[in-house]
Amino acid sequence: MTISLQAKKKILAGILPVLLMSCLVPPAQNAGEEQNDEPPLFSAEFSSDYAIPADFDFEGEIARWYGFREAAASITFDDGTYDQYSTAWPVLEEKGIKGTFYLAAGLIGTGDWDDHGTVRRMMNWEQASQIAASGHEIGSHSLNHVDVTAPGVDLDAELRESRKLIESQIPDVSVETFCWPHWRETDKTVEAAEEEYLSARSGNGIISYYYSRKGGIPSDPPENMYAVNALGILNSHSDSDWQKVAEDVYREKSWFVTSFHGVEPADGPTEGTGWSPLSRDVFSSAVDYLIDRGFWIDTFAAVSKYIYERDASLLHLANGGTSLRLTLDNSLDKGIYDRELTVSLNLPPGWETASAYGPGGDRVLSRIDSGKIIIDIVPDGQSVFIKPY
Ligand SMILES: [Zn+2]
């Protein structure tokens with residue numbers, strides 16, 4: 001995987017803030033270019049009532065989170081136990097939510113895992129492939145589930161070989177993010193992970209630790225994209241315990257990352273489930289809470305990419321006289337950073353509504369909210385045209 005590390009570091013250092021450029025181009029000057037760029041096939045006629053004043057004042061914005069949601073959330077699972085396949089995955093599927101499954105790659109397909117004296121049944125590669133094929137993220141949780149900060153650990157095996165093993169066993173999967181076993185990482189392991197992954201998840205299982213360790217509630221962007229804090233939602237927590245944390249994160253307009261382990265089947269506890277298992281009902285209502293609260297819920301990789309792209313992209317706006325042209329671009333690797341960003345743009349005077357069109361004249365999904373058009377756009381340098389019909 002080719003990751004533009006340099007670009008990422010710049011973002012993390014805050015050198016590239018969210019930039020917004022208003023390029024006011026008078027219609028006369030730009031007429032020729034507009035004619036070339038603009039798709040000719042529209043059903044409606046342009047009326048002079050809709051003419052855009054040359055001094056039109058653009059107010060464009062890239063949303064902090066997808067869809068202008070207040071806060072983001074990622075539902076992630078550690079280890080790759082069978083119950084995550086048999087119980088947790090169907091719950092997510094039922095609700096239309098995508099999660100991130102972090103596999104201890106060397107344990108997948110080996111049957112039972114002796115987890116410090118407790119037997120856990122692991123999923124196999126066929127099951128992991130089914131999860132991947134339904135659009136969830138498969139990440140690496142190391143090769144052997146060892147504490148990678150311990151002396152003598154083969155970091156290359158735990159980081160790189162785990163990724164390669166998953167990619168060789170699951171068709172069409174590119175492993176993009178990592179999750180630290182035992183929630184432990186150091187500066188050295190973080191540096192090694194930067195060579196292999198887009199980002200990495202850490203965490204805590206004790207609620208007071210969530211606030212005091214690993215940077216607490218993640219800043220935006222997170223202080224360290226390779227040790228993003230997560231809350232272990234364990235069976236020792238009540239709903240109100242962990243939901244208080246989620247509410248605090250929501251208020252900060254930040255990113256609430258969960259770390260789930262076991263989820264028991266609907267008919268009750270069984271042998272071999274993951275650590276600190278929740279009942280199916282408790283897990284299901286946790287997901288419902290995040291949905292109902294209005295978090296933007298997506299995979300750890302998807303939110304990571306949104307942050308990188310958002311902070312690296314420039315919004316270019318041009319006044320074409322009869323339309324507005326909007327272009328979103330950045331210098332990141334387009335092969336990796338291909339997620340849509342949500343942008344909004346105010347409408348010119350007299351426009352009651354507007355629609356968005358791609359360079360080929362195809363309609364781009366958009367909505368109008370409080371006098372602004374809201375569109376999801378991949379920051380690939382392609383122009384989108386906004387018209388009053
Ligand atoms: Zn683990």
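This is a predicted model: local features need pLDDT of at least 70, side-chain atom pairs count only at pLDDT 80 or more; totals for chains, interfaces and linings use all residues.
**View 1. Ser-370 counts as exposed, with 7 C-beta neighbours inside 10 Å.** Residues are numbered from 1 along each chain as its sequence is written. Ser-370 sits in the loop between β18 (366-369) and β19 (372-377). Helices (H or I, at least four residues) and strands (E, at least two) are DSSP runs, numbered from the N terminus. Ser-370 is not a glycine, yet its phi is positive, about 50 degrees. Most residues other than glycine have a negative phi.

**View 2. His-145 has a positive phi, near 55 degrees, and is not a glycine.** Its loop runs between β7 (137-140) and α5 (155-169). His-145 counts as buried because it has 21 C-beta neighbours inside 10 Å.

**View 3. A cis peptide bond joins Asp-220 to Pro-221.** Omega is near 0 degrees here. Pro-221 belongs to the loop between α7 (207-212) and β10 (231-232). Most peptide bonds are trans.

**View 4. Helices α3 (residues 82-95) and α9 (residues 280-293) cross at roughly 35 degrees.** Their axes come within 10 Å. Axes are lines fitted to C-alpha atoms, for helices over the stretch in contact, and angles run from 0 to 180 degrees between N-to-C directions. From α3, the contact uses Thr-87, Ala-88, Val-91, Leu-92 and Lys-95. From α9 come Arg-280, Phe-283, Ser-284, Val-287 and Ile-291. Two residues are in contact if their C-beta atoms, placed from the backbone, lie within 7 Å.

**View 5. The largest nonpolar core has 97 residues.** Such a core is a set of buried Ala, Val, Leu, Ile, Met, Phe, Trp, Tyr and Cys residues joined through C-beta atoms within 7 Å. Leu-103, Ile-138, Phe-295, Val-343 and Ile-386 have the most contacts inside this core. Helix α10 (residues 300-312) gives the most to it, 8 residues. The core lies between domain 1 (5-66 + 315-387) and domain 2 (70-294), because both give residues to it. Domain bounds come from an automatic or database domain assignment.

**View 6. Leu-103 touches residues including Gly-80, Ile-108 and Ala-128.** Ile-138, Ser-140, His-141 and Ile-166 are also among its contacts. Residues up to four places away in sequence are not counted.

Terms used
A residue is buried if 20 or more other C-beta atoms lie within 10 Å of its own, exposed if 12 or fewer, and partly exposed in between; C-beta atoms are placed from the backbone.
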